[in-house]
Amino acid sequence: MINDNKKSKNSRKKINAALSSELMDDFDRFETLVMAHWKIILAGAIVLLVAVTVAGAWWFHREQVNQKAMNVLADARTVEQLTAALQEYGTHPNAVNARLRLARLYQEDKKYDLALEEISAALVLLPENELRHRLSLNQGYLLELGGKLPEAAEAFALAGGNTGMQEALRCEGNYNAARLYIELKDLAKAENMLQSIVPPPDTTPQMTDPALMFWQGQAQFLYNLLENGHYGTLASAATD
């Protein structure tokens, strides 16, 4: 038994000695490799350091530019300030708010074509969301204010046909398209627009969305006038 223990200890000593020797050999090989290729290793380390420094400087510069753009766009209030800011930072995400402020100023000055240009530029920067949908309706209102009724009706109808929009916004679009089609004497199109909004007679009204209820009520009133011949018959309207 004692001999077995001695053999086991001797075996462990041999293993440990072999591991230590292997580790020492690895250290020697690494040292030899470093001595032989120190220039290459040093050059690689310098390249890595430079790359990290350049990346850090680029990120810092980008953040500075981004912050400057945000400040310039947020501070611009007049037409001149907004125009200058958008010329420099027109594709920045925060440019949307600046373009909407500029569109409002143009609208107040009755420069509807310029307001439409800013709305269109803002839409390019926006994802498919409620603000985008609202702006698509605003395009119709601006076209109508500018006296472009056929284009306005088409813009409203396009918005009303967007199934990705909230139902209340689609009803608003279709109602306004119908209203303009009546003014343009295209009663058949007006009827189609209104029929897409007015609930069937046996339908229980949905009381959950006040905006939806409002536009459905407006559409129902206009539809009743249309069907009762207030604007002329559908057959004669096509020949007017």
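Author: Start with "buried". A residue is buried under 20% relative accessible area, exposed over 50%, and partly exposed in between (1.4 Å probe, protein chains only). In helix H9 (residues 187-195), Leu187, Ala190, Glu191, Met193 and Leu194 are buried. Seen down the axis of H9, these buried residues fall within an arc of 165°, so they line one face of the helix. The arc is that of the directions from the helix axis to the C-beta atoms.

Reader: What kind of model is this, and how are its residues numbered?

Author: The model is predicted: local features need pLDDT of at least 70, side-chain atom pairs count only at pLDDT 80 or more, and totals for chains, interfaces and linings use all residues. Residues are numbered from 1 along each chain as its sequence is written, and side-chain values use heavy atoms, leaving out hydrogens and water.

Reader: What makes a stretch a helix, and how many helices does the protein chain have?

Author: Helices (H or I, at least four residues) and strands (E, at least two) are DSSP runs, numbered from the N terminus. The protein chain has 11 helices and zero strands. Of its 240 residues, 29% are buried.

Reader: Why is Met213 called partly exposed?

Author: Met213 has a relative accessible area of 32%. Met213 is found in helix H10. Its C-alpha atom is separated by 9.6 Å from that of Cys171, 42 residues apart along the chain.

Reader: And why does Lys185 count as partly exposed?

Author: Lys185 has 47% relative accessibility, so it counts as partly exposed. Lys185 lies in the loop between helix H8 (167-183) and H9. The C-alpha atoms of Lys185 and Gly232 are separated by 8.9 Å.

Reader: Why is Gln139 called buried?

Author: Its relative accessible area is 19%. Buried means under 20%, so Gln139 qualifies. Gln139 is found in helix H6. Leaving aside neighbours within four places in sequence, Gln139 is in contact (heavy atoms within 4.5 Å) with Leu116, Ile119, Ser120 and Leu123.

Reader: What puts the buried residues of H5 on the same side?

Author: In H5, Tyr112, Ala115, Leu116, Glu118, Ile119, Ala122 and Leu123 are buried. They cover an arc of only 160° around the axis, which puts them on the same side of H5. An α-helix has 3.6 residues a turn, so residues three or four places apart point the same way. What covers the buried residues of H5 includes helix H3 (79-89), helix H4 (95-108) and helix H6 (130-145).

Reader: How do H9 and helix H10 (residues 210-227) cross, and which residues make the contact?

Author: Their axes come within 10 Å and cross at roughly 145°. Axes are lines fitted to C-alpha atoms, for helices over the stretch in contact, and angles run from 0 to 180 degrees between N-to-C directions. Among the residues in contact are Leu187 and Leu194 of H9 and Leu222 and Tyr223 of H10.
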